[in-house]
Amino acid sequence: MREDLRALALIILWDVRKLGRYKFFLAMRFAWFLLQVLVFGLIVAHMVSIMGPQGPIDYYKFYVVGAYMAVLFSMSIMRGHEIVEELEDGLIDYQLSLPVKRRVLAIGRALGGGIASFTYSLPMLLVTVVVLGVPSIPHVILLAIIAFLFASGLVGVAMSVALWLRSGDKLDILMGVSDSLLVRLSTIFYPIVALTPIAIYYYLAKVNPVSHAVDTLRVIAVPEHASGITVSDPLVMASYIAGFTLSSILTAITLLERRIEGGYGR
Amino acid sequence: VMPGAQALMVAYRDLQRFWKYKWWLAGLITMNLADLFIFALVFKGIVRRDVVPDYFYFLAPGIASIAAFAAAFTIGREVMMELRRGFHHYLLSLPISRIDLVVGRILGGVVRGVVYQMPFIALLVILTGVLARFPEPLYTLIVNNPISIATSIYRAIFTPEIVHDAHQVEVLLAKLTLWTITLVVVGAILYDRNLKS
């Protein structure tokens, strides 16, 4: 048991330590985020005027949380591409040859992916906290917990899809399409009230876990601006995220255990 | 062999390889269309009408420009994969001069961009766009971005009656030419340097 826990910690640490390999990617993401928050967000907020049930919505504050979620989303989804690359390079085969139980390896990769994605997004979270003026430390901690939970859920989905497809090209397509649809059919860039005129978009956004995650972050970060414009009640949204995360990580672990062998599929 | 014929052959090969990415292209088109038919449609309802009377039509020409850029970038993605897999050594072993290879690859990327944006241009023939004024000094920075320049040219062609752009089309074309020359020269230098390393 002790050995298993040590192996688990090592696998998680290995995933997080890959940060150095992505310096350029992370710098680009950070630059993109700053541009979104300090340039695009300000311009768009100037252009947008939307009424919530309790008066006009401060679109800039709304947008900043959305931009953070968009970054967190793309960073978490990137773990799927990483798994496919590892299959292609034979790194997974190497990991299978290590004296580590397969279940431990699967749990370690799934958890490590979530922790790494969340860690990579920390500079952006910090900017979000500063720009929005999050009221207190417990609020910041709560923000981090929700972001970490959701990142882990997304990593689980990305890993499951990657192991199912086993092909970089197919993954590129599926992730590209789902990225564009999941992000746009959510409340990342517009509140749920803005989707009401188009019924199909409205209902899809209502069941989209991304909407629940981003609106939960809004309720925590800017409660005075989020009231009445979220997809659901805060507790329901938090439960939704917890359920999504748990089920996607369990699926990823099951698939990692069962389908990790076989290498890259062409 | 006619001068430039080898470069054309390289460009033709790149164009043929473009169709191998049909599923990737389908993904890209889906993304661009999602921007237009989801993002722009929803945003249309929340953008102030006094700033942008109709955001859907406003975004449409921008999507065409972004699409052209994204498609042209596929050649960069391919060059990266070739370098990673050492395929460029094979290309260097071919009886083609280095300059023909470089010009051919860049030409291939240009043709891909043009081919890809054709359906979007067709879409623009149907749709119309509206130009919003951005605050200074961001406005200056944004309008001189190559994507914005291309978008303005499209707007000037397709929706001249509702475009309030102070720039003449000739000026925009000159700016775009300058951008193209700069990017092509930088691309050629970088590609040539990568081939040597």
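A salt bridge here is a side-chain nitrogen of Lys or Arg within 4 Å of a carboxyl oxygen of Asp or Glu. The model is predicted, with local features needing pLDDT of at least 70, side-chain atom pairs counting only at pLDDT 80 or more, and totals for chains, interfaces and linings using all residues. Residues are numbered from 1 along each chain as its sequence is written, chains are lettered from A and ligands numbered from 1 in the order written, and side-chain values use heavy atoms, without hydrogens or water.

**View 1. Chain A meets chain B.** Here 27 residues of chain A are in contact (heavy atoms within 4.5 Å) with 25 residues of chain B. About 2300 Å² is buried between chain A and chain B, and carbon and sulfur atoms give 72% of that area. Buried area is the accessible area (1.4 Å probe) that two parts lose on being put together, summed over both.

**View 2. Polar and charged pairs link chain A and chain B.** Between these chains there are 2 salt bridges. A:Asp89 pairs with B:Arg84 in a salt bridge whose closest N and O atoms are 3.4 Å apart. Polar contact joins 6 residue pairs between chain A and chain B, both residues at pLDDT 80 or more. Such a contact is a pair of N or O atoms within 3.5 Å; within protein, one must be able to donate a hydrogen and the other to accept it, and residues adjacent in sequence count only if both atoms are side-chain atoms.

View 3. Two or more residues each come from helices H2 (23–47), H3 (59–89), H8 (168–184) and H9 (192–195) of chain A. Helices (H or I, at least four residues) are DSSP runs, numbered from the N terminus. The most is given by H8(A), with 8 residues. By class, this side has 17 nonpolar, 4 polar and 6 charged residues. Ala, Val, Leu, Ile, Met, Phe, Trp, Tyr, Cys and Pro count as nonpolar, Asp, Glu, Lys and Arg as charged, and the others, Gly among them, as polar.

**View 4. A salt bridge within chain A.** A:Arg79 and A:Asp15 form a salt bridge, their closest N and O atoms 2.7 Å apart. A:Arg79 lies in helix H3 of chain A and A:Asp15 in helix H1 (residues 2–17) of chain A, so the pair ties together parts that are 64 residues apart in sequence.
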